[in-house]
Amino acid sequence: MKFFEPRPDRRRLSWWEGRPGYLAADVAVAAVCVLPALSAGGSPWRLLAFLVALPTLLVRRRFPWLPVVAAPLFCWSWGVLPVVVICYTVARQWGLRWRTLLSFLLAAGCTVAEAWDPGPNYGILYQLLVPPAWLVLPVLAGLWMRQRHTLVDALRERARQAERERDLLAERAVAAERRRIAREMHDVVAHRVSTIALQAGALSVTAPDERTAETAEVIRSVSARALTELREILDVLRHDQQETSDGVHGVQSDGSVRADVAELVRDCVASGGNVRLNAPAELPVVTGAVRRAVYRVAQEALTNAAKHAPHARVDIRLAEEQGELQLTVTNRRGGRRPSGHAVPGSGYGLLGMRERVTLVQGTLRTGPTVEGGYRVHAAFPLVSTMPTVSEEPV
């Protein structure tokens, strides 16, 4: 739950619990009380006393004791309806307390004194009991409203507490799932990659020819780098860390986006790929998040090209155009893949690229080319803008 500062107009209405409707209701109550008093006529002194006591009805929610003090003036001037309002107000604001009882006794005494008639038409018990009995109804109504308000507040607090507990349980579930994923990655993926690295290292030593040794060394180097990146990912999963590095995990370069992509291209070429990089010597300095996004998009595009168009030429272009860093990866039509050697994919390659680009407020377009190849084009703004991502043929 988030709590915000009240608006200025709400602060000005703090005496009425920040609700304009309460202020309008109090003004209406004061008007209903004053109209009969004005039309009844009578002594000017009584009318003046009533008008002096009338403003206390407007601030009765913030200062309930003010209309209680003014109750004798209401009763002396014309106080039937104002006294009813006073009894309701003190019961509503204070609840079942001794202050409410004293206020009721004061209002009842003033009502009895105002309505006292020593004539033979009414008995003494009638005059002592009947006028105060009319004041019991507003007191009961005020107590009921007080209890209802307390119950609603308790229910709201329980709802807020339940929401906080739900968020806490969700965070615990996410943390437990992250640790479970980290364990699975460590026990399965790390073990498999370690086996590949060890076998490739042994093959590079015992290779029958130089070409096989070079290929085995490339496999060993890539596997070792994958283990390094995997170890950093496991640390993030286990300790709930954020990516704070300015560079790309596992990539050794001079700190520029061009050097990162060039390192990726060298690895692909060493593995037998036909990859060409077209980039100027100087590119603008970008943030670490953009560097990681450029590298991962290029890496995923090269991986997809190797899987779906093996041995086809891949062109990577990096350039600064229109205030954006443009990355274009285009592969030509590939040859037929040999049966039984297809590399399984996760199915989340394009989705991962889209998420990467969206996080840095860039744009992404992917689609087939006229020549039958495939193109991935990503634009990363050098100045922060609103994120727009689309996927369409280029």
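## Strand pairing and nonpolar cores in a predicted model

In this predicted model, β2 and β3 run antiparallel and are joined by 8 bridges.

**Exercise 1.** Describe how β3 is placed between its partner strands, and determine whether β3 is buried or exposed.

*Solution.* Begin with the connection to β2: the two strands form a hairpin with 2 residues between them, and Gln322 in the turn has a positive phi of about 55°. Within this pairing, Glu320 has Leu325 of β3 as its bridge partner. Next, turn to β5, which runs antiparallel to β3 and is joined to it by 8 bridges; here Leu327 is partnered by Ala378 of β5. Finally, consider burial: because 7 of the 8 residues of β3 are buried, the strand is largely enclosed by the rest of the structure.

**Exercise 2.** Identify which element gives the largest share of the largest nonpolar core, and trace the contacts of Leu325.

*Solution.* The core has 30 residues, and those touching the most other members are Val294, Val297, Ile316, Leu318, Leu325, Leu327 and Phe380. Among the elements that give two or more residues are α10, β2, β3 and β5, while the largest share, 9 residues, comes from α11. Leaving aside residues up to four places away in sequence, Leu325 touches, among others, Val290, Val294, Leu318, Ala378 and Phe380.

Methods
Residues are numbered from 1 along each chain as its sequence is written. This is a predicted model: local features need pLDDT of at least 70, side-chain atom pairs count only at pLDDT 80 or more; totals for chains, interfaces and linings use all residues. Side-chain values use heavy atoms; hydrogens and water are left out. A nonpolar core is a set of buried Ala, Val, Leu, Ile, Met, Phe, Trp, Tyr and Cys residues joined through side-chain atoms within 4.5 Å. Buried means under 20% relative accessible area, exposed over 50%, partly exposed in between (1.4 Å probe, protein chains only). Helices (H or I, at least four residues) and strands (E, at least two) are DSSP runs, numbered from the N terminus. Contact means heavy atoms within 4.5 Å. Two strands pair if DSSP finds at least two bridges between them.
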